[in-house]
Amino acid sequence: MKVIWHSNAPWSPTGYGQQTALFTPMLNEYLAGELNISSFYGLDGAPLRWNNIPVLPGMPSEFGNMSLVPHARELWGEARGGMVVTLMDVWVLQSEVIRQLNTACWVPVDHEPVPPAVRDFFRNSDAVPIAMSRFGQEQLAEFNPLYVPHGVDTKVYSPQDREKVRERYGFKPDDFLVGIVAANKGRPSRKSFSESLQALAPFMQEHENVHLYLHTALDPSFSSGENLPVLMDELRIPSERVRIVDQYRNAFNPFPADAMAMIYSAMDVLLNPSWGEGFGITPLEAQACGVPAIVADNTAQREVVGAGWHVRNRPVWTAQNSWQGAPDVGDIREALEECYSMGDAQRASLKAAARQHALGYDAERVFERFMIPALEAAWSRIEARRPLTIAPKAVAA
């Protein structure tokens, strides 16, 4: 089996980029070097080598619709000479392009039911779906999807010395630190900045030792996101108790995994009640560091968070012609209060449960238990579709 892995470049500071960086070195070894990465984000102009794997560029904003078939023909001599594995939202791909290739799509589903554009893609493309959550697997049942969850490097994302990391970042031992680590993209925000800050405002006013750490872009012009400074000012969130990630570093020199593990380990709770998640890697990284998470009770968040709180949400109709769920502000506040009031023994038990839950998603375990069987099964399905070649009958002498 020869594979083109099509996603964000492995150095990209995105969820897709992180998963590409985690799994392609293991996959390249498994395939004895028969792996190429095709990047539709993170590389333009010319190929590079990363970890001894060729990384092929795409063209700006074409998502692979113009580059994938040429890449396959150049590498294999024909479009169907191997298998293309995409890790991305499939509704931006053109079915008529994907139909020319042998394709398996590791795909997020963050709406209920599956959006029409996603459903129509699989009906028309002949691609084999690989769901990244059990929720997604249920939503894609019409297409008999395979299943591979996202993974996390639990050797790097692990509990750090809380006192030391707090001293390093200037937090006191008795501070109650709420962390938000999310992309500020789109309005209204899928990451629920508005609902989270509405719940935090009275919570911070009632408890003087509550602090907020924001790991996101403040400038709404970056990704047409929320104007967070104006929103926090409107809600009267005390600015002296808000710590914000260095904006230049966040945009142009993202924190590596070991630094993020220290940041998570300083927190008491991660606040991430998204409207919907295809998977939701941030809460899993936090749990690997022993930190519980507050998420909405919808989509993949129900299964990804095993130690924390799932808050109620109200249905919201989105531009993808399906439903997500805006979290209940009152429920977020109650979850914060419950976390704040826990005793030491209860907090230690929750920390251990968070770590144990995350270990089930360790990248090496996911690769061996789920990814390799799924890719082999996808290839078998593709092979089974090939037309039979019948040898001609022998001509009698």
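Biologist: Which strand do bridges join to β9, and how many bridges are there?
Modeller: Strand β9 (residues 176–181) is joined to β12 (residues 269–271) by 2 bridges, and the two run parallel. Strands here are DSSP runs of E, at least two residues, numbered from the N terminus, and two strands pair if DSSP finds at least two bridges between them.

Biologist: What stands opposite Val-178 in β12?
Modeller: Val-269 stands there.

Biologist: Is this a predicted model or something else, and what goes into the values?
Modeller: This is a predicted model, where local features need pLDDT of at least 70 and side-chain atom pairs count only at pLDDT 80 or more, while totals for chains, interfaces and linings use all residues. Residues are numbered from 1 along each chain as its sequence is written, and side-chain values use heavy atoms, with hydrogens and water left out.

Biologist: Back to strands. What is the order in the open sheet?
Modeller: The 6 strands go β11-β10-β9-β12-β13-β14, with parallel pairing. β11 (242–244) and β14 (308–311) are at the edges with a single partner strand each, so one side of each has no neighbour in the sheet.

Biologist: New topic. How many disulfides does a search of the whole structure find?
Modeller: It finds 0 disulfides, a disulfide being a pair of cysteine sulfur atoms within 2.5 Å.

Biologist: Is Cys-289 buried or exposed?
Modeller: Cys-289 counts as buried because its relative accessibility is 3%; buried means under 20% relative accessible area, exposed over 50%, and partly exposed in between, with a 1.4 Å probe and protein chains only.

Biologist: And what is the value for Cys-339?
Modeller: Cys-339 has 0% relative accessibility, so Cys-339 counts as buried.

Terms used
Helices (H or I, at least four residues) and strands (E, at least two) are DSSP runs, numbered from the N terminus.
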